[in-house]
Amino acid sequence: MENKILMYFLNRNVRVLEVSTRAVLNMTSWVLSAALFWGGTAKAQVNLSPIKIEINSNRGQAQGVINITNSSDETFRARVYAEAFTYDRDLGFQVLTSSPSDLRPYLQFSPRELVVPARTTRRIRLNARLAPSLPNGEYRAMIFTEPLQANIVTDGNGNTTRIITRVGSALFVRKGDIRPNLLVGNTRWDGKAKKLQLLVSNTGNISVYPSIKWTLRQGNTIVKTGELMSVGIVPESERNLILNSSKKNELNLDPGKYQLSGELIWGEDNNSNNNKKTPFNFDLIIPAH
């Protein structure tokens with residue numbers, strides 16, 4: 001019995017991108033596979049930087065570089081490829097087969113396969129050429145690096161799991177005078193999942209990665225404060241963001257009236273005084289069960 005799991009790193013979060021199995025993967029084997037995945041990743045010590053590249057094209061030309069560092073004692077062999085992507089309203093990062101904002105038809109990069117010896121860094125050079133006839137806007141692709149050999153593990157029942165990890169760097173090439181614009185729509189409480197959600201839309205024409213600082217009050221009492229770091233929102237879209245996604249921000253709210261306030265901070269550097277800030281303030285009603 002063999003299971004195959006394809007996973008990736010992006011913005012320091014691990015997500016399951018695709019699961020294809022010859023048999024149903026039960027919770028026990030999934031927990032085992034996740035633990036082994038983390039262990040294998042720590043051992044590999046292969047890092048990619050930067051994880052996000054934003055370039056304004058100049059006369060249709062744009063260039064960039066991705067660095068792959070192998071800090072382990074073993075040689076790392078990988079293939080490099082690009083995918084079109086978006087950020088879905090509820091699901092977050094999603095690979096696309098095609099898109100009007102797909103950068104791949106105009107993108108060249110090398111090498112396509114690479115060997116990174118132990119304790120060294122290799123570069124992937126990126127070159128985008130946008131035709132003059134293309135409309136102004138943002139064109140994007142995710143550049144993935146995936147090992148040529150899968151990590152194969154076996155649990156105590158003899159089930160074999162092939163774990164393929166891939167690391168992604170988001171590349172954004174911008175044509176023309178374009179900019180983002182963030183609006184906060186509303187907030188809601190998911191009582192079943194105990195999650196506090198904030199709907200944020202980007203009515204502009206480039207992607208933006210805001211951080212969010214928030215405070216939940218009931219009357220004059222502060223119930224919880226938190227911060228959500230660097231979440232991607234593509235142009236002309238919206239995202240339903242979970243504010244208390246971390247363990248330390250778990251919430252158990254009794255029925256009643258609450259006030260959620262805070263601000264979105266966005267720009268080139270979330271620590272810069274030049275960044276834009278979009279405040280929000282909502283009443284939140286938790287109904288009785």
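**Close-up views of a predicted model**

**View 1. Pairing of β15 and β18.** Strand β15 (residues 195–202) pairs with β18 in the antiparallel sense, over six bridges. Strands pair if DSSP finds at least two bridges between them. Strands are DSSP runs (E, at least two residues), numbered from the N terminus. Gln197 has Ile242 of β18 as its bridge partner. The model is predicted: local features need pLDDT of at least 70, side-chain atom pairs count only at pLDDT 80 or more, and totals for chains, interfaces and linings use all residues. Residues are numbered from 1 along each chain as its sequence is written, and side-chain values use heavy atoms, with hydrogens and water left out.

**View 2. The open sheet β14-β15-β18.** Three strands make up this open sheet, with antiparallel pairing. Its edge strands, β14 (182–190) and β18 (237–242), each pair on one side only.

**View 3. Thr145 in strand β11.** Thr145 sits in β11 (residues 137–147). Thr145 counts as buried because its relative accessibility is 4%; buried means under 20% relative accessible area, exposed over 50%, partly exposed in between (1.4 Å probe, protein chains only). Residues that Thr145 touches include Leu48, Phe76 and Val167, not counting residues up to four places away in sequence. Contact means heavy atoms within 4.5 Å.

**View 4. Two cis peptide bonds.** The Ser49 to Pro50 bond is cis, with omega near -5°. Pro50 is in the loop between β3 (46–49) and β4 (52–56). The Ser110 to Pro111 bond is cis, with omega near 0°. Pro111 is in the loop between β8 (107–110) and β9 (113–116).

Terms used. Helix = DSSP H or I, 4+ residues; strand = E, 2+ residues; numbered from the N terminus.
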